[in-house]
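Reader: I've got a structure open and would like to talk it through with you. Shall we go chain by chain and then look at how things pack?

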Amino acid sequence: MIPVRRVVALFLLLQLVSTGYLWTVNAIGTVSEARFAVFLAVNLLSFSIVAYIYTHDKWGEAIARGWVLVGALGLVLLLLSSLYFS
Amino acid sequence: MTEARNGRWGRLAAWFDTRLGLTYPLLRPAPRYSINPFYWLGALTVVAFLIQGVTGMMMMLYYVPSPSDAFSSTQYMIQSVYYGRFLQTVHLYTAYAMIMLAFMHMMRSYFVSVHKKPRELMWVVGMVMGFVTLGFGFTGYLLPWTVVSKSATDVGIGIIDALPRTISSFLTFLIIGAGGDATELLRFYDLHVVVLPAALLVLLTVKMYMLEAHGIAEPTTGPPIDQKASRSLPIFPDVTVYLLGLAAMFGSAMLLISAIFPLSLPPEYSPQLAAQLTAQPDWYFLWIYQILKISAFEGLGLPAALGLVTLIFVALLALPFIDRGHSRRIAERPIFVTIGLIFIGELFLLSYWGLESPGQVIPTYEAALLIVAIALLVGDCSFALYTVMGARGAPKPDSEKVSKTQGRFRTALAFVLLISGGAIAIGASLNAIVDLFLYGTSASSLVQLGLSTGFLGIVAFSTVFFMYRMELAGASLKRRLDWFEIGWSANDSR
């Protein structure tokens, strides 16, 4: 099983990529603005998962894989929904 | 803490550190048990306020607060400015979220008795902050100058005339000034972007100071706090990172909602269009709107309705001085918890009803019937829940042991509630059935039938449960009468 801590790198990478993408968007109109909102949401959700893992790891508490999985699923759904706004 | 530092830059940094206290622990650490989103609803409300501030300041770059340009500048922002619609949509939904979060924060604080000693004034300040938040909603609603927002605001302003003369004169001066659309819009804009934010910031500072003084309240449910749960976590970086994560999750939810439901502007205000429209306030004022539409409060009864709404707000403000019991545990506060649940039930009922019946005057008997029915339904459910929890061996404090007099009173009260609830449920069910026969099948009559029979079922279940709890079901008539007379005593294992 993949250690949860290593997954953090993936979320950080996703944040980096979404930040880069956000800089390229000049949003005007419902479609491009919705896409901007979705990628900003991806960015924020990735950060909240990283924050969850960081805090619980620092406090020496078990990191609930279920919550991380739910977050990851949310990210996948957000990324898929971005296809709708294109 | 400041440590001895070498070199010019080190000494300079130490000088600033000594004066500004940058490395001093400014905020008290948070206990581990507070790492729970429910403890940070107030913080999330502040996050929503900050988002409002940032998006609002950006919108101020384009918005023109005059009746001739307000709508066109808003429309221009949506259609021609990069991220214009996005900013307005996020501003709108975060405003809604701010009001909802403030309400949830208030109700959570009520249920876990945060308003009790020594945090009474924190509650009072928090309630004033809640009123300011509603003020944000009221003033901000007018600014786009759409037919919907202007009509609803005019109705709201018209109600002020029904208040006592001194109050109405002051409020009229404050929000309308000398009169006229231009002054009205400018006053609303000033209140929205200067006065209310400043007031909220001052109140927030006062509340944060009191929070620092009293700390975070201990939990009122679950097992006693052990050493692990009560250990302190430093505000930085631990709690800060946790809060940022929570705020990020909230922000992503807001963004998703904004992406799915982008703002679309109703038509611009004009007296002709307004005449064709039934004015309706935004969702957070619908419950007041519905109270004002009850036929008993029409015309001359309006001051009485406003008095009732004022009384609700005053009761909320003065709650710490009304609910003076020492216990903070939910299990030991059945009456106040039930009142809180009924309050939420009534708010939802009146808001939904107000949304579904714009401009429609509500007959007094119908309003009384539904308001009492909801109170009975929620009261019965709460009563049954407390009884079940009590029966399942929840700790019973000394304050719950009842005397014979109290027992008699409770028994009588329970029977009155059940009988009146049953009567209302039977009446409403029959009414729905007659409607079905007379007017044919319709969605509303089916919903009414479903709700009333469901309510009847709950009342029947509660009655049976109550009878069994009192061991009445298999007993003789004489014993039943005896039980009815004495109620449950201190020795009864309720």
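**Walking through the model**

Author: Let's start with burial in chain A: of its 86 residues, 34% count as buried. Keep in mind that this is a predicted model.

Reader: What order do the elements of chain A run in from the N terminus?

Author: Chain A has three helices and zero strands. Its C-alpha trace spans about 45 × 20 × 20 Å along the principal axes. Read from the N terminus, the elements go α-α-α.

Reader: How much of the contact set in chain A, counting separations of 6 or more, comes from residues 24 or more positions apart?

Author: Here we look at contacts in chain A with a separation of 6 or more. The part that comes from residues 24 or more positions apart is 69%.

Reader: And chain B, what share of its residues is buried?

Author: Chain B has 19 helices and two strands. Among its contacts between residues at least 6 apart in sequence, 78% join residues at least 24 apart. Out of 494 residues in chain B, the buried share is 29%.

Reader: Where in chain B does pLDDT stay under 50?

Author: Chain B averages a pLDDT of 85, and 88% of its residues score at least 70. For the model overall, the scores are ipTM 0.94 and pTM 0.81. Where pLDDT is low, the predicted coordinates should not be read in detail. In chain B, the stretch that stays under 50 is residues 485-494.

Reader: Which chain B residue is in contact with A:Val38?

Author: Set aside the neighbours within four places in sequence. A:Val38 is then in contact with A:Leu78, A:Ser81, A:Ser82 and A:Phe85, and from chain B with B:Ala259.

Reader: How many Å separate the centres of domain 1 and domain 2 of chain B?

Author: Chain B is divided into domain 1 (34-279) and domain 2 (337-486). Taken over C-alpha atoms, their centres are separated by 36 Å.

Reader: How many residues does the contact take from each of these domains?

Author: On the side of domain 1 of chain B that touches domain 2, there are three nonpolar, one polar and no charged residues. The contact takes four residues from domain 1 and, from domain 2 of chain B, five residues.

Reader: Does helix H7 of chain B lie largely in the open or buried, and what is the number buried?

Author: Helix H7 of chain B covers residues 165-175, eleven residues in total. It lies largely in the open, because the number buried is one.

Reader: Which residue just after H7(B) takes a positive phi?

Author: Look just past the end of H7(B). The phi there is about 70°, and the residue is B:Gly177.

How values were computed
Residues are numbered from 1 along each chain as its sequence is written. Chains are lettered from A and ligands numbered from 1 in the order in which they are written. This is a predicted model: local features need pLDDT of at least 70, side-chain atom pairs count only at pLDDT 80 or more; totals for chains, interfaces and linings use all residues. pLDDT is the predictor's confidence in each residue, from 0 to 100. Two residues are in contact if their C-beta atoms, placed from the backbone, lie within 7 Å. Helices (H or I, at least four residues) and strands (E, at least two) are DSSP runs, numbered from the N terminus. A residue is buried if 20 or more other C-beta atoms lie within 10 Å of its own, exposed if 12 or fewer, and partly exposed in between; C-beta atoms are placed from the backbone. Domain bounds come from an automatic or database domain assignment. Ala, Val, Leu, Ile, Met, Phe, Trp, Tyr, Cys and Pro count as nonpolar, Asp, Glu, Lys and Arg as charged, and the others, Gly among them, as polar.
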